[in-house]
Amino acid sequence: MKFYKLFGMMVLVLLAVTAVAVSAQDEAAGDLEIFSWWTGGGEAAGLDALIARFSELYPDVNIINSAVAGGSGVNARAVLATRVQAGDPPDSFQVHAGSALLNLYGADRMEPLNFLYEESGWMDQFPEGLLDLISSDGNIYSVPANIHRSNVMWYVPGNLEEWGVTVPETWDEFINETCPTLQEAGIVPLSVGQTWTQMHLWENVALAGLGVDGYNGLWDGTTAWDSPEVMQVFETYGQILDCTNDDRDALDWQPPAQMVVEGTAAFNVMGDWAAGYFLTDLELEPGVGFGWTTPPGTDGVFIMLSDTFGLPIGAPNRDAAVAWLKFLGSPEAQDIFNPIKGSLPANTTAAIDDSELYNAYFQDAYEDWTSNTIVGSLAHEAVGAGEFQNGFSEIIAQFSAEHDVETATIVAAELAADTLVTD
Ligand code: GAL
């Protein structure tokens with residue numbers, strides 16, 4: 001065969017292959033509305049990077065980023081619930097794995113995505129325990145973007161040294177020794193923000209006080225909310241609140257995290273989206289600009305949550321939404337998003353072992369994720385989402401003002417009896 005003929009055939013084959021690839025990508029076009037609560041420091045950058053790469057892959061899709069401000073989705077969730085109920089869902093929305101996805105949306109509102117998992121080879125790529133949190137009756141209802149951790153306590157190593165304190169091993173040590181020392185020095189011992197961040201702190205104190213079985217028992221009915229153990233959790237939690245900033249009820253999560261790295265507070269208990277904030281927005285060096293440990297009493301346990309996106313029934317642009325989800329679950333997207341967001345990739349074929357991409361913080365978190373006992377976060381809807389969490393927010397808000405242990409536990413027990421499915 002003459003060279004030019006062979007060359008010509010190769011060109012044709014190449015053109016054909018390109019045409020197939022291009023046409024598959026071309027199928028998705030038009031507006032694609034993505035709904036989330038990632039607007040703030042440490043949150044928006046990860047989403048923006050995903051959108052930028054998706055837009056390169058699907059130039060005919062116009063992403064409408066409908067993020068609603070407010071950490072942990074405090075405002076977004078209500079907007080979303082109203083829209084979905086009114087039959088006006090965005091094309092794809094952020095929803096926590098676990099009870100938020102399965103109890104609040106699930107089969108009635110979402111399309112099963114098993115086809116996407118099979119087509120993309122994901123059945124073996126996402127951890128089984130995580131798939132369980134997004135599946136019911138064999139149907140998988142969303143695509144996880146990440147794994148986040150609730151039980152992290154942030155500090156600045158150099159500051160602790162300067163103030164003559166060490167990381168407390170127990171909450172008693174914190175309350176009786178660390179807190180008074182820091183207060184005398186005019187430093188806020190532990191920074192915290194508005195109600196949801198207090199609930200976040202509370203779940204960490206509860207895990208420490210109740211242990212894994214006792215904590216899990218809160219959700220399956222085997223731990224009574226008005227038991228002496230839970231009362232003790234509230235006692236301890238109240239004493240910890242006395243070591244926090246007075247303006248707590250007015251702050252979202254970034255200002256309390258910032259207090260630590262600026263040196264006005266010593267510790268902050270917050271999920272590892274704070275690592276995203278420190279690394280991406282504040283450009284701090286892990287281990288120097290910020291340090292991390294598990295909050296007292298939670299070593300060996302990983303309080304997990306996962307941000308997932310799904311395909312609502314009636315999504316206006318289903319094709320583009322499927323393209324988005326297919327991209328989101330890919331190792332490429334996971335490696336774009338997670339190093340910026342502070343979370344671990346959920347797809348196990350992502351490049352977590354690349355320590356250039358995933359620095360020391362991520363390596364440490366990954367080791368724990370793969371070796372610790374895993375429990376679900378209440379503040380971030382892996383457990384107790386919906387009516388219980390809403391009611392518990394009110395209990396936490398009232399407790400911030402009144403510190404009334406008895407009322408808190410009695411009301412929580414009534415709420416649990418009314419709202420938690422315990423069978
Ligand atoms: C969590 C969410 C994280 C992060 C955080 C603060 O609920 O899972 O991705 O955004 O809220 O807003």
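This briefing covers aromatic ring contacts in a predicted model. Local features need pLDDT of at least 70, side-chain atom pairs count only at pLDDT 80 or more, and totals for chains, interfaces and linings use all residues. Side-chain values use heavy atoms, without hydrogens or water, and residues are numbered from 1 along each chain as its sequence is written. Across the whole structure, a search finds 37 aromatic pairs (rings of Phe, Tyr and Trp, the last by its six-membered ring, with centres within 6.5 Å; planes under 30 degrees apart are stacked, over 60 edge-to-face, the rest tilted).

**Trp 202 and Trp 225**
- Trp 202 and Trp 225 are stacked, at 5.7 Å centre to centre with 15 degrees between the planes.
- The pair links distant parts of the chain, 23 residues apart: Trp 202 is in helix 9 (residues 195–220), and Trp 225 is in the loop between helix 9 and helix 10 (228–241).
- Helices (H or I, at least four residues) and strands (E, at least two) are DSSP runs, numbered from the N terminus.
- Trp 202 is buried, at 0% relative accessible area, and Trp 225 is buried at 4%.
- Buried means under 20% relative accessible area, exposed over 50%, and partly exposed in between (1.4 Å probe, protein chains only).

**Phe 302 and Trp 369**
- The ring centres of Phe 302 and Trp 369 are 5.2 Å apart and the planes are at 55 degrees, so this pair is tilted.
- Phe 302 belongs to strand 12 (residues 301–305) and Trp 369 to helix 15 (residues 360–371), so the pair ties together parts 67 residues apart in sequence.
- Both Phe 302 and Trp 369 are buried.

**Cluster**
- One aromatic cluster includes Trp 154, Trp 253, Tyr 277 and Phe 278 among its members.
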